[in-house]
Amino acid sequence: MDTLIAWLHAPWPWYVAGPIIGLMVPMMLFIGNRSFGVSSNLRHLCAITQPPQVGVDFFKYDWKEHTWSLMFVIGTALGGFLAGVVFANPEPVKLSLAAQMMLAHWGFTQPAGNLVPEELFHPSVRNYTLLFACGVLVGFGTRYAAGCTSGHAITGLSTLQLPSVYAILGIFGGGLIASWLLVPWMLK
Amino acid sequence: MRRYLPYLLAGTLFGFVLIKSEAASWYRIQEMFHFQNFHMFGILFSAIATGMLSIQIIKRMGDRRSLEGVPIEIPSKPPGKVSYIAGGLIFGLGWGLIGLCPGPIFALVGTGSLGALVVLAGALHGTWLYGALRQHLPH
């Protein structure tokens, strides 16, 4: 029992986490012939909250048909609560030496028990403006590309879809530009 | 409500794994984009391999019915190129900057992170903006 509790608190290696994430694809098909993907829920949430007088057509549909998908992301948040609060790992993220040196070079403090850096997430007008703006990029981009990491990298590649290959080239290209060129300047 | 329980449970497992594997960590995402650790690539590659293998098994099954009784069909994406690359690029910029893609946003909101909630608010506005502008965008 103690071993199980300790294991639930510890971080999981990639060869445990990856296959479980991959199993989401057949799991969603087996439950109700659904395609695994997270970002479409952002659209459903817009469809729920858009006032009738605004009326952008893209959000005029019966979102109740997608209740299953909204239940999945409510579960995702619940899983986050269990893993991050109930079975929280008190240890800082164990980064590679190269990454530690890069952070030091950027002037970031080393990870200290949180998944995200205080430099970017502690409440301030500057940080929250930046987080909101990056959120806009994520929301806009995922809908434009009709999918995110789950829908394209996992589901799309698992089912051998060419559009997902294009999307991943874009995603990885954008990520490289951001993390090599923009992040080092972000806090200066 | 009972028919939604399997989705809730699958989502819970997904969110749990995203936090436990630190895929929802800004640090891990920077490490990945700088090719400094195999961890995130290991997660992505093994997830894709598992998904691919499962799809091949499903294709070879005789009677393919889901729990809800509908036949299982392998999903396919509408053809296209520009929207996938351009959208991916914009999303990738956001992901590389704040280290959160949509799954981890929801998982991190669950941990009580106020910052993640701000990202979610931004993502909803971005999604709405796309909906409002989509007729004017190349697809």
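A:Thr76 is located in helix α5 of chain A, where helices (H or I, at least four residues) and strands (E, at least two) are DSSP runs numbered from the N terminus. The structure is a predicted model, in which local features need pLDDT of at least 70, side-chain atom pairs count only at pLDDT 80 or more, and totals for chains, interfaces and linings use all residues. Residues are numbered from 1 along each chain as its sequence is written, and chains are lettered from A and ligands numbered from 1 in the order in which they are written.

A:Thr76 counts as buried because 33 C-beta neighbours lie inside 10 Å; a residue is termed buried if 20 or more other C-beta atoms lie within 10 Å of its own, exposed if 12 or fewer, and partly exposed in between, with C-beta atoms placed from the backbone. Apart from neighbours within four places in sequence, A:Thr76 is in contact with B:Gly11, B:Phe14, B:Gly15, B:Gly103, B:Phe106 and B:Ala107. Contact denotes C-beta atoms, placed from the backbone, that lie within 7 Å.

The axes of helix α5 (residues 67-86) of chain A and helix α5 (residues 102-110) of chain B come within 6 Å and cross at roughly 55°. Axes are lines fitted to C-alpha atoms, for helices over the stretch in contact, and angles run from 0 to 180 degrees between N-to-C directions. α5(A) and α5(B) are therefore oblique to each other, given that angles under 35 degrees count as roughly parallel, over 145 as roughly antiparallel, 65 to 115 as roughly perpendicular and the rest as oblique. On the side of α5(A), the contact involves A:Val73, A:Thr76, A:Ala77, A:Leu78, A:Gly79, A:Gly80, A:Phe81 and A:Gly84, and on that of α5(B), B:Gly103, B:Phe106, B:Ala107, B:Leu108, B:Val109 and B:Gly110. These residues comprise eight nonpolar, six polar and no charged; Ala, Val, Leu, Ile, Met, Phe, Trp, Tyr, Cys and Pro count as nonpolar, Asp, Glu, Lys and Arg as charged, and the others, Gly among them, as polar.

Over the interface as a whole, 107 residues of chain A are in contact with 106 residues of chain B. Helix α10 (residues 162-186) of chain A gives the most to the side of chain A that touches chain B, with 19 residues. That side of chain A contains 75 nonpolar, 30 polar and two charged residues.

Chain B has six helices and zero strands. Of the 139 residues in chain B, 57% are buried.

Methods: Two residues are in contact if their C-beta atoms, placed from the backbone, lie within 7 Å.
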